[in-house]
Amino acid sequence: MDTTIQRLHAREILDSRGNPTVEVECTLACGTFARAGVPSGASTGVHEAVELRDGDKKRFGGKGVLNAVTNVNKEIAAKVVGMDARDQALIDEMMIALDGTPNKGRLGANAILGVSLAVARAAATAAGIPLYRYLGGPTVHRLPVPMMNIMNGGVHAHWQGADFQEYMIAPYGASSFRQALEWGAEVYHALQSVINKKGMSVGVGDEGGFAPHVSSNHEPLELIVEGIKAAGLEPGRDVGVAIDPASSGFFEDGKYRLRTENRNLSSQEMVDYYEKLVNDFPVVLLEDGMAEDDWEGWKLLNQRLGGVIELVGDDLFVTNVERIERGIRENVANASLIKLNQIGTLTETVAATRLAQFNGWGAFVSHRSGETVDSFIADLTVALDTGHLKTGAPARGERVEKYNQLMRIEEDLGSAATYAGKEAYVRPVRF
């Protein structure tokens, strides 16, 4: 089987928010063909790899990606064509060197990532094995807890609801991934009924979660707990909750500005706020509780809550080995979010995940608000045994496709499949 890369071709497609993104196709000498779509974030950290946009206001308000597409079809293809698709690390290393910047700003992380993922999928297809086995080896078997974002706020709701960006449910008490997905969908629909009965809006945000007008940032948690009970499940025992405030979005002039509650809090007061939420609700995970450069605030948060729940850095770490190493050294969290397009290649993503895991930290794979129907992260989560994945509500095709792929993987594994459940988290579930 000749796995030499024969052709690379990129094009501009639309993501789930109606914005352009990059899609790359890879064809091997043996005739194998594979395709990958690149996601795009709305809530992006300042330290992320650069997503190259055209800036031409006459097209898509400047958000076109034709320059990134051209970079794939010309400059990257000129180097990658003729290489062996199985040499993933070598190909990724070559593209990083070709770009020549510390943040992939010349060629664009969206161009580089599209090639990286398409090459990996082509190699797996040529080998005749599922992507999750190709990436993770023959012993992978654990399905993740689906962390479903069922209420949106912040930038995902265009600042019309809560200040906190995501409120997730974690059906960790289920016996299988399929049952967890069933429970999640049932809670989602029960929550819709709860919100409806209260006369609130059931419009959804970018990731499929409901985005009603609320009077505080704890009100969504109250609604979710009510929804869990309405679905016939027990909060804490069957289903927990997780929060991603995306606090960099409301950190201004050294204060955390909670618009919904008309409050401006110091880092100490913000930590106090979170501690009360953790005591009042079955919170198992808190992501981006402090702003991306508030390292002292993160240290305090970890001192207070790091022994109780999983504290995940997203904007803080941006799937970057150097930033995760600093986080480990300074003891500011106990887990890192993992997003492919934050760093820009599959090889670097795996390195960031392994660094977290080898140091006893959690690794939490995530989608982006601007998604495609590409289900790569579902396979990646199983391959890297991260135990939990967030990819939105159990609604909207680009979100559901990842969950559906995990059901296919569970079926493919058969009796070897296990479900991460309460063991998914770096800190034991308290309930």
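What is the handedness of the crossing of H1 and H2? Good morning, colleagues. I open with that question, and I shall answer it after a word on the model itself. What we are looking at is a predicted model.

The crossing of H1 and H2 is right-handed. Helix H1 covers residues 66-80, and helix H2 covers residues 88-99. Their axes come within 10 Å and cross at roughly 135 degrees, and H1 is therefore oblique to H2. On the H1 side, the contact is made by Glu75, Ile76, Lys79 and Val80; on the H2 side, by Ile91, Met94, Met95 and Leu98. Sorted by class, the contact of H1 with H2 contains six nonpolar residues, two charged residues and no polar ones.

H1 also packs against helix H3, residues 109-127. Here the angle is about 55 degrees, and the axes are 8 Å apart. H1 and H3 are therefore oblique to each other, and their crossing is right-handed. In this contact, Ala68, Val72 and Ile76 of H1 meet Asn110, Ala111, Ile112 and Val115 of H3. Six of the residues in the contact of H1 with H3 are nonpolar, one is polar and none is charged.

I turn now to the barrel. Eight strands close into it, in the order S5-S6-S7-S11-S12-S13-S14-S15, and the pairing is mixed. From one strand to the next, the twist averages 30 degrees. For a parallel pair, consider strand S13, residues 335-338, and strand S14, residues 362-366, which are joined by four bridges. Within that pair, Ala335 has Gly362 of S14 as its bridge partner. Helix H6 packs on this sheet and touches S5, S6 and S7; the direction of H6 makes about 25 degrees with that of S6. Elsewhere, helix H8, residues 295-305, lies across strands S11 and S12 and runs at about 160 degrees to S12.

S6 pairs with strand S5, residues 145-152, in the antiparallel sense over four bridges. It is also joined by five bridges to strand S7, residues 240-244, and that pair is antiparallel as well. Glu166 of S6 takes part in both pairings, as the bridge partner of Asn152 and standing opposite Asp244 in S7.

Returning to H6, residues 219-230, we find Leu223 within this helix. Leu223 counts as buried because its relative accessibility is 3%. Setting aside residues up to four places away in sequence, Leu223 touches Met151, Leu191, Val194, Lys198, Met200 and Val214. Leu223 and Leu191 are 32 residues apart in sequence, with their C-alpha atoms 7.1 Å apart in space.

There is a further sheet to describe. It is open, and its three strands follow the order S8-S9-S10 with antiparallel pairing. Strands S8 and S10 stand at the edges, each with a single partner strand, so one side of each is left without a neighbour in the sheet. Strand S9, residues 255-258, pairs with S10 over three bridges, and Arg257 has Asn264 in S10 as its bridge partner. Helix H7, residues 267-280, packs on this sheet, where it touches S9 and S10. The direction of H7 makes about 110 degrees with that of S10.

Which backbone angle is positive in Ala246, although it is not a glycine? The angle is phi, at about 50 degrees. Ala246 is found in the loop between S7 and S8, and it is buried, with a relative accessible area of 5%. Thr319, also not a glycine, has a positive phi of about 55 degrees. Thr319 lies in the loop between S12 and helix H9, and it counts as buried at 0% relative accessibility. Thank you for your attention.

Definitions and conventions: Residues are numbered from 1 along each chain as its sequence is written. This is a predicted model: local features need pLDDT of at least 70, side-chain atom pairs count only at pLDDT 80 or more; totals for chains, interfaces and linings use all residues. Side-chain values use heavy atoms; hydrogens and water are left out. Two strands pair if DSSP finds at least two bridges between them. Helices (H or I, at least four residues) and strands (E, at least two) are DSSP runs, numbered from the N terminus. Contact means heavy atoms within 4.5 Å. Axes are lines fitted to C-alpha atoms, for helices over the stretch in contact, and angles run from 0 to 180 degrees between N-to-C directions. Angles under 35 degrees count as roughly parallel, over 145 as roughly antiparallel, 65 to 115 as roughly perpendicular and the rest as oblique. A crossing is left-handed if the near helix is turned anticlockwise from the far one by less than a right angle, and right-handed if clockwise. Ala, Val, Leu, Ile, Met, Phe, Trp, Tyr, Cys and Pro count as nonpolar, Asp, Glu, Lys and Arg as charged, and the others, Gly among them, as polar. Buried means under 20% relative accessible area, exposed over 50%, partly exposed in between (1.4 Å probe, protein chains only).
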